[in-house]
Amino acid sequence: MIYLSQMLGKPVVDLDGERIGKVNDLGIATGEVFPRVTALAIEGPGKTPLMISWRKYVDSFDDDEVRLKVVATDIRFSYLQPDEVLIARDLLNKQIVDTRGMRVVRVNDLKLSDTSSSQLRLLGAEVGVRGLLRSLSPRLERIVLKISRALGRPIPEKIIAWNYMDLLDRDLSNVKLSVSHKTLDDMHPADIADILERLDPRLRGQVFAQLDDEQASETMAEFDDDAMAAEIMGDMEEKDASRMLSEMDPDDAAELVSELDYDKAEKLLRLMGVKEQKAIRQLLGYREDTAGRIMTSEVVSLPEDATATDAVDKLRSLPDDFETVHYLYLEDEEGRLSGLVTMQALVTADPGDKLSDLAIDEDLVTASPDEDQEDAAEDIAKYNLLALPVVDDNKKLLGIVTVDDALDVLEDEHAEDLQIAGATTSDSEGNHNLESVIWLMRNEAWFFFWMLGTAVLSTLFSPDLGAMPALLLSLALPVAVIAGNDAANYAKNAFLEYDPDDEDSPSTLGFVLKGIGMGALFSILVGLVAGGIASAALGNSIAALNVAKTSIEAAVASVMVSFVTMPIYLHVLRKRDEKNLETSGTTLSIIAMAVALVVFTVVCIVLVSGWMV
């Protein structure tokens, strides 16, 4: 086996041994399962780029050079063909899609198979650390591999075969890929959306533009980041964007349109058909985060006296892109929802059976359009429904919330709760070290505030008190900072566990009293410990007593402030949630600890100034 990094820069000599340049790149024919190297790109004298046919002119190659079959004067230069790509230019250090692993990766090297002394084939891309080390220095790779094997942790190759690679960084519309070559066209829209979200922004629009209208609309509906989807749509031609919106389900289209600025949204809506525009505008009329905003108006309803045959005829007349039908909904003479028929009941019914006889009309679970979307989603989960009908005050059917939209809502709410709670998830080994640092900063941030406070107190008081008393002033600081963090966590937990109108939600006074009691107890204990250490270090002197007393009083004051302000943190979380604003639990904790540090420092300054007079 050989790697592209080993080929690049090799001398190229003619039949007489005369050097004509060095290897600059290799061209491959893409229409094969394992593409043959078909062209040799050479950097000639004066850095002149040359291209020759590999099959016609290359005789052999080894670790030292590439040898040609003819003398330099007999070479006839060629050009890259439409079905060829240059692998160093088009693949090396570029992002590609691993269509088997459904991920975006960067190519660090390319693995070649030397099937004979003069023939090369591309096997795949090396996307692991070995390719990166090899591109820096083959010797470095060998050293690292020896060390890793000695430690019992060998580093494996990470190769993605050519038939699982999809190229992104060029326009390959004229490149004929092999039949077995798996591309984005073969992938599920959810996988395409996941990959697009991980691409560099400069590639995202380029790749999205390669999708056909149906794929584009389905992929757009699968984006987790609505702002990113709106950004892609904002870069599209207005007619194309409007046509794609028309292809989407009304609820998905409404969610996307709501992310656009008003003028852009109005232009796209006006370009749509009247029916599609009306459906989207109706959904946009409901408040965000309500059942009305996430429902779809594509629902199958029939009169109560309809038969099973009528229902089947209605289903057959639906367009191919109609929302998946889980239930048939029945309406009475006044157009009010009166029951539903499951697909199982319809399939087993006789053609002449009336739907009213097959219907479920007792304990029918419904939602109002103004109901919170999370409550609607929880009803779907609670009652094991595939769709939840949304009705107005007169029980007239407006639309349905489907189970897939309910899952999205619950997932978003769960992610929001995790964020407020300060939790993170990981889907990449490469981010492990960074996440470890973030974990340390988030979970042990009090230590950094302690160090910062110690530095501040030492700077302020060392000239007057001396180094040791100034340092001892910070002994009670950890409990003050930790109390601030606990106050923020207490508010976060209360926010996640209780709604404001819950009967069992703790009162504001209860919050404050419980926090003050526990905080005061801990403060006194730590203050006594700090006083004991100060006495041991400084003796039974006035200075020792003053340091101990100041530490205790500063800690108590800081803890009191932290827990008294705890209801404020809870109020902020609830207000931001009402405005649909995201809140980081880590940020809230850092703010609380910063407040505790400031209070502790200010009290120390005031008290020390008093007993030094």
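Is Asp 90 buried or exposed? Asp 90 is buried, with a relative accessible area of 7%, where buried stands for under 20% relative accessible area, exposed for over 50%, and partly exposed for what lies in between (1.4 Å probe, protein chains only).

The model is a predicted one, in which local features need pLDDT of at least 70 and side-chain atom pairs count only at pLDDT 80 or more, while totals for chains, interfaces and linings use all residues. Residues are numbered from 1 along each chain as its sequence is written, and side-chain values use heavy atoms, with hydrogens and water left out.

**Overall picture**

The protein has 27 helices and 19 strands, taken as DSSP runs numbered from the N terminus (helices H or I, at least four residues; strands E, at least two). Of its 613 residues, 44% are buried. The accessible surface comes to about 31,800 Å², of which carbon and sulfur atoms hold 53%; the areas are from the Shrake-Rupley method with a 1.4 Å probe, and for residues only the protein chains shown count as cover. Among contacts (heavy atoms within 4.5 Å) with a separation of 6 or more, 63% are between residues 24 or more positions apart.

**Salt bridges**

With a salt bridge defined as a side-chain nitrogen of Lys or Arg within 4 Å of a carboxyl oxygen of Asp or Glu, the count comes to 15. Three of these pairs are set out here.

| Pair | Closest N to O |
|---|---|
| Arg 89 and Asp 90 | 2.9 Å |
| Lys 267 and Glu 238 | 3.9 Å |

Because Lys 267 lies in helix H12 (residues 262–270) and Glu 238 in helix H10 (residues 238–247), their pair ties together parts that are 29 residues apart in sequence. Lys 267 is partly exposed at a relative accessible area of 39%, and Glu 238 is partly exposed at 31%.

**Helix H4**

Arg 130, Gly 131, Leu 133 and Arg 134 are buried in H4. Seen down the axis of H4, its buried residues fall within an arc of 165°, so they line one face of the helix; the arc is that of the directions from the helix axis to the C-beta atoms. The cover over these buried residues includes strand S1 (2–3), helix H1 (4–7), strand S11 (109–114), strand S12 (120–126) and helix H5 (138–150).

Val 129, Leu 132, Leu 136 and Leu 140 make a nonpolar surface patch of about 350 Å². Patches consist of residues with over 30% relative accessible area and no salt bridge, like charges being joined within 9 Å and nonpolar side chains (Val, Leu, Ile, Met, Phe, Trp, Tyr) within 5 Å. Helix H4 (residues 129–136) gives the largest share of the patch, three residues. Val 129, placed in helix H4, is partly exposed with a relative accessible area of 40%.

**Confidence**

The average pLDDT, the predictor's confidence in each residue from 0 to 100, is 78 for the protein, and 76% of the residues score at least 70. Over residues 170–181 the pLDDT is below 50, although this stretch has 32 contacts in the model beyond near neighbours in sequence. Residues 423–442 also stay under 50, and the model has 12 contacts for them beyond four places in sequence. Where pLDDT is low, the predicted coordinates should not be read in detail.
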